[in-house]
Amino acid sequence: MSELVKLTFDGEIAVITVDNPPVNALSPGVPEGIKSALEEIIVADNIKGAVLIGGGTTFIAGADIREFGKIRNQTRESGSPILPLILFLEDSPKPIVAAIHGTAFGGGLEIAQGAHFRVANEKSLLGQPEVKLGLIPGAGGTQRLPRLVGTAKAVEMCAFGEPISAKDALENGLVDKIVEGDLLAEATKFIRQVIQANKPLRKTRESRDKLGDEATNAAIFETAKATAKKIRRGLNAPLKAIDAVEAATKLSFEEGVQFENKLFVECLQSVESKALIHVFFGEREVAKIPDVPKDTPVLPIEEAAVIGAGTMGGGIAMNFANAGIPVVLKETTQEALTRGMATIEKNYASSVKKGRMTEDQMQKRLSLITPTLVYDEFADADVVVEAAFENMALKREIFGALDKICKPSAILASNTSTLSIDEIAAATSRPEMVIGHHFFSPANVMRLLEIVRGEKTSKEVVATSMKLAKRLKKLGVPVGNCRGFVGNRMVEPYGREAQFLVEEGATVEQVDRALNNFGMAMGLFAMSDLAGVDVGWRVREEYKHLEIAGRRYPIIADKIYELGRYGQKTKAGWYDYDENRKPAPNAEIAQMLKDTATNAGIRQREISDEEIIERTIYALVNEGAKILEDGIALRSVDIDLIYINGFGFPVWRGGPMFYADTIGLEKVYQKVKELHEAHGDWWKPSGLLKKLAETGESFSDFDRRKLQTATAESAAN
Ligand code: NAD
């Protein structure tokens, strides 16, 4: 018997316990262990039936994701290695019940589908989340699940990957009973009753009752595909999952499984799956900061304060209230405060209307936000987030005031987009308590939170901020202090190239369309109109003194600003907007762009979509590599997470740095070099990009090396 699977007996009932903490993943050894337990049970005369259960707090929560990388090059002609185990289980002459608690996901749920019966405790979750990793169920799940729950439910579960509750599972026939109390005792009782009643042993694969008729199914598949194309734009796995379920309705079980396997292998080898697995592990790595060990003490956060109830401050206050943390929200005038609170109420009311929260919950959250015009209530705050105007003098004044009022253990955070945390910290007598908490707009919705470390920020403040990010349901990514940190520093060259491209002859719509087709949630110009053309202008003004003489400057963006076209807020920017904020190109603006270019002596030409993608995306990559070189981001995957969660970069491309890896850094570097020769110093290639390209390495290799060094250093200390 394998160490990972234990076989025990309770009278004539055998208990197979998968014991592979923390989640009882199907690591090598687990399927073999289950198989040999079954073999023993089948030949044991005194054993009449068995319970299959997970040790600890969960059933089998799925495959061991690290294994996918290892099998990627296999063609799996004979199918999933788990398939024979499931067949063996299903064919057992003695009844088997899967006893589910915690989560039964992926391969775990596929095994449970092979059991003759399933019981679950009320809180358990069941799902086929493979699509979230760019895969489809690969051990018969797309064939057995529709036989248990019907086509529509199987499509929903396999194509969208969301888990269902035990109650939902019971209603749809995926479990036979919800049990209360001790799961093992209840499951044992259940199987004894089965034996006593001599119930027939159902083999899921032999049943076709729930597979539905062709006409109904056709509509189900069509609707699901249309939804997937809309809400999972660019992703292939959801479409393949639908095809596989469709095969269950049209082919025999054996043929269906073969078809599923073919699609699974295609998924496994796709960039999409590699990218999604890269992101999956990235999200788990991101909290690891080499010099801030796991056991770094954290400060308690029980009360918060926010300065500024504008676009950002209101959303930030909502984040605290949503997490149950009371928050004081300060403004300078009653008018601004009233407006800010009204926006918060409107946002909550809209969630109530959409059924995402109850009226009670809304009132409770609102009661946690205390509007104020004075600093009086700041003395108890454990964390203050400043979201006043983007102006250094103002921020220094505010932090000077906070230094006098706040308790010594309070974290003083700024939501600045570009300004130096060190300069802000220098306005206080406690720079070690100052940090950047850079939320993204809308702050109550966007998942990204850049945690900006100043030169003197203490490790406790960093560790507490990372923990707080989790409590606020944000993805905290640690970044260093420089102009724009990671996200906004990279968006500058990206936007600049887009603007140069329209000066050179591309149209605004063409650039946005090309970026959209590439997978970006929004084109650059639509994004600029949303954020505000004036915001970009203000940033350029703030840093104009840093411009290098003779360097090309994006003149067109200033022209749009000078026309008072600030974007959506003025109903006109790069585009015109109607009441529904639908953008439309403006012919006069197009002409103005042409004239401006001609006057500036810029020759306009035909520009291909390919050039648009290379110039905008490689600008991101080159700057990202410089950010790594400067140590502003710890790992390339951190940059990827920032771009996916804060800037709408397509997750199925894995982020800009992973995308560059898939193109090959040698090729990317050559192109950057060419662009440098053609367009001048903006395109100076990053030293790191050059080095990696020359040694045939990738950004992922860079991350791995960094991890090894950090592990070696922490072992040495
Ligand atoms: P905003 O103009 O919408 O809001 C700023 C608010 O701060 C105003 O209501 C103003 O009355 C108030 N304020 C100014 N001085 C104050 C003081 N001393 N005490 C209390 N309130 C004061 O600006 P915003 O877009 O919310 O930006 C706020 C900060 O967040 C800026 O530093 C900005 O760079 C940063 N930021 C903005 C975005 C964005 O997309 N808007 C994204 C990330 C970060």
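Begin by selecting aspartate 403, which lies in helix α16. Keep in mind throughout the tour that this is a predicted model. With a relative accessibility of 17%, aspartate 403 counts as buried, because the limit for that word is under 20% relative accessible area. If you leave out residues up to four places away in sequence, the residues that aspartate 403 touches are Thr428, Ser429 and Arg430.

Is arginine 396 buried, exposed or partly exposed? At 32% relative accessibility it counts as partly exposed, because that term covers values between the 20% limit for buried and the 50% limit for exposed. Now show glutamate 423 as well: although 27 residues separate arginine 396 and glutamate 423 along the chain, their C-alpha atoms are 7.8 Å apart. Glu423 is also among the residues that arginine 396 touches, together with Ile424, Ala426 and Ala427, when residues up to four places away in sequence are not counted.

Next, step back and colour the chain by domain. The chain is divided into domain 1 (5-269), domain 2 (304-479) and domain 3 (487-707). If you mark the C-alpha centres of domain 1 and domain 3, you will find them 45 Å apart.

Now turn to the interior. In soluble globular proteins, nonpolar side chains tend to be buried together. The largest nonpolar core here has 97 residues, and the members that touch the most other members are Leu402, Trp574, Ile617 and Phe699. Which helix gives the most to this core? Select helix α25, residues 609-629, which contributes 10 residues to it. Domain 2 (304-479) and domain 3 (487-707) each supply at least three residues to this core.

Zoom in on isoleucine 617, and set aside its neighbours within four places in sequence: it is then in contact with Tyr494, Leu515, Phe518, Phe649 and Tyr659.

From the cores, move on to an open space. The second largest pocket has a volume of about 1000 Å³, and 33 residues line it. To find its centre, select Glu285, Ala287, Lys288, Ile289 and Lys294, which are the lining residues nearest to that point. The elements that each give two or more residues to this lining are α12 (271-285), α18 (459-471), β17 (475-480) and α30 (699-716). Of the lining, the largest share comes from α18, with seven residues. If you colour the lining residues by type, they divide into 15 nonpolar, four polar and 14 charged.

Select lysine 473, found in the loop between α18 and β17. Its phi is positive, about 60°, although lysine 473 is not a glycine. Most residues other than glycine have a negative phi, and most peptide bonds are trans. At 71% relative accessibility, lysine 473 counts as exposed, because exposed means over 50%.

For another positive phi, go to asparagine 24, where the value is near 55° and the residue is again not a glycine. Asparagine 24 sits in the loop between β2 and α1, and with a relative accessible area of 1% it is buried. The loop between β2 (13-18) and α1 (30-43) also holds proline 22, and the peptide bond that joins proline 21 to proline 22 is cis, with omega about 5°. Another cis bond runs from serine 441 to proline 442, with omega near -10°, and proline 442 belongs to the loop between β15 (434-439) and β16 (448-453).

For the last stop, select asparagine 217 in helix α9, residues 214-231. Asparagine 217 is buried, with a relative accessible area of 5%. Not counting residues up to four places away in sequence, asparagine 217 touches Thr151, Leu211, Gly212 and Thr249.

Key
Residues are numbered from 1 along each chain as its sequence is written. This is a predicted model: local features need pLDDT of at least 70, side-chain atom pairs count only at pLDDT 80 or more; totals for chains, interfaces and linings use all residues. Side-chain values use heavy atoms; hydrogens and water are left out. Helices (H or I, at least four residues) and strands (E, at least two) are DSSP runs, numbered from the N terminus. Buried means under 20% relative accessible area, exposed over 50%, partly exposed in between (1.4 Å probe, protein chains only). Contact means heavy atoms within 4.5 Å. A nonpolar core is a set of buried Ala, Val, Leu, Ile, Met, Phe, Trp, Tyr and Cys residues joined through side-chain atoms within 4.5 Å. Domain bounds come from an automatic or database domain assignment. On a 1 Å grid over the protein atoms alone, a cavity is a set of points where a 1.4 Å probe fits but cannot get out, and a pocket is an open set with protein on both sides within 12 Å along at least five of seven lines; lining residues have an atom within 4 Å of a point. Grid points are joined across faces, edges and corners, and a volume is the space filled by probe spheres set on the points. Ala, Val, Leu, Ile, Met, Phe, Trp, Tyr, Cys and Pro count as nonpolar, Asp, Glu, Lys and Arg as charged, and the others, Gly among them, as polar.
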